[in-house]
Amino acid sequence: MTLETREVRWTRGGTLVVDGVSLHPDPGTTVGLLGPNGSGKSSLLRLLQGAARPDSGDVLLDERPLTQWRRRDLARTVAVVTQHAETDADIMVRDVVRLGRTPHRPIWGGSTSGDEEAIAAALERVALTDKADRLWHTLSGGERQRAQIARALAQEPRELLLDEPTNHLDIRHQLDVLALVAALPVTSIIALHDLNLAATYCDSVLVLREGAVVAAGAPAEVLTPALIAEVYEVRARVIPDAETGRSTILFDGPLAS
């Protein structure tokens, strides 16, 4: 069982932003949501996390509509990582990660016996154990994003939703973050702009345009020159790697007007 959508439609501010999208990830895989700006990637993630309700169609977790889940139970199962997080508080990295334990705490407050173990395991997973007692403001952009992933992991979720987690990161930290996400033992759905990162780290991709699905499947099958021209309006060459089964995409420029 996993988080999925069935023919969801959502109109926001009078504009149809998600148009009949069905998404059925295989458990434990990494799914890339692709498409140009305004294609509906972030809107679909909002529906998947229960932050908004579709006008029609269903968002399901373990075959149950999200509306039937208690918020607390949903937060124990689905974690969200946004593009970038900021805070004005002088807070330590360990305490940022500790926020992920909130859904597991007793209603009357306090900690559970598993909190410290989960926090330590999450910090170790993202290689931030040595920075656990550093202030948030002293971290680099890549370290902050890894700390946000650690916060999500401290929730001990089965599903992880990420909205452009590599935005504003240099190439080294983009690779670090996506390699980390791809190796996690959870189902990850990640909105991305970079097609080469998607081709390298995603098990499957869902390509959106104007809120509707254009194509879905393995990156090597979906990301063809024809599709890239149709969706992104650019000319591209796709070079397969026989050893890895992945592809590299070379862009030759925009289509002639």
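Buried means under 20% relative accessible area, exposed means over 50%, and partly exposed lies in between, with a 1.4 Å probe and protein chains only. The views below show a predicted model, in which local features need pLDDT of at least 70 and side-chain atom pairs count only at pLDDT 80 or more, while totals for chains, interfaces and linings use all residues. Residues are numbered from 1 along each chain as its sequence is written, and side-chain values use heavy atoms, with hydrogens and water left out.

**View 1. Asp133 meets Arg94 in a salt bridge.** The N to O distance here is 3.2 Å; a salt bridge is a side-chain nitrogen of Lys or Arg within 4 Å of a carboxyl oxygen of Asp or Glu. The partners come from distant parts of the chain, 39 residues apart: Asp133 sits in the loop between H4 and H5, and Arg94 in helix H3. Helices (H or I, at least four residues) and strands (E, at least two) are DSSP runs, numbered from the N terminus. Arg94 is partly exposed at 24% relative accessibility, whereas Asp133 is exposed at 53%. By the same rule, the count comes to 17 salt bridges.

**View 2. Arg101 has polar partners in Asp115 and Glu156.** Look for Arg101 in the loop between helix H3 (93-98) and helix H4 (115-125). With 3% relative accessibility, Arg101 counts as buried. Its side chain makes a polar contact of 2.8 Å with the side chain of Asp115; such a contact is a pair of N or O atoms within 3.5 Å, where, within protein, one must be able to donate a hydrogen and the other to accept it, and residues adjacent in sequence count only if both atoms are side-chain atoms. Glu156 forms a salt bridge with Arg101, with the closest N and O atoms 3.1 Å apart. Glu156 lies in the loop between H5 and strand S7 (159-163), so this pair ties together parts that are 55 residues apart in sequence. Glu156 is partly exposed, at 47%.

**View 3. Leu160 belongs to the largest nonpolar core.** A nonpolar core is a set of buried Ala, Val, Leu, Ile, Met, Phe, Trp, Tyr and Cys residues joined through side-chain atoms within 4.5 Å.

**View 4. Four strands form an open sheet in the order S2-S1-S4-S5.** The pairing is antiparallel, and two strands pair if DSSP finds at least two bridges between them. Strand S2 (15-23) and strand S5 (64-65) each have a single partner strand, so one side of each is left without a neighbour in the sheet. Between S4 (residues 56-61) and S5 there are two bridges. In this region Leu60 stands opposite Pro65. Val8 is in strand S1 and is buried, at 0% relative accessible area. The contacts of Val8 include Val18, Leu44, Leu47 and Val59.

**View 5. Strands S11 and S12 make a hairpin.** Seven bridges join strand S11 (residues 234-240) to strand S12 (residues 247-254), and the two run antiparallel. Across the pair, Arg235 stands opposite Gly253. Six residues lie between the strands, and Gly245 takes a positive phi near 80°.

Methods:
Contact means heavy atoms within 4.5 Å. Lists of a residue's contacts leave out its neighbours within four places in sequence.
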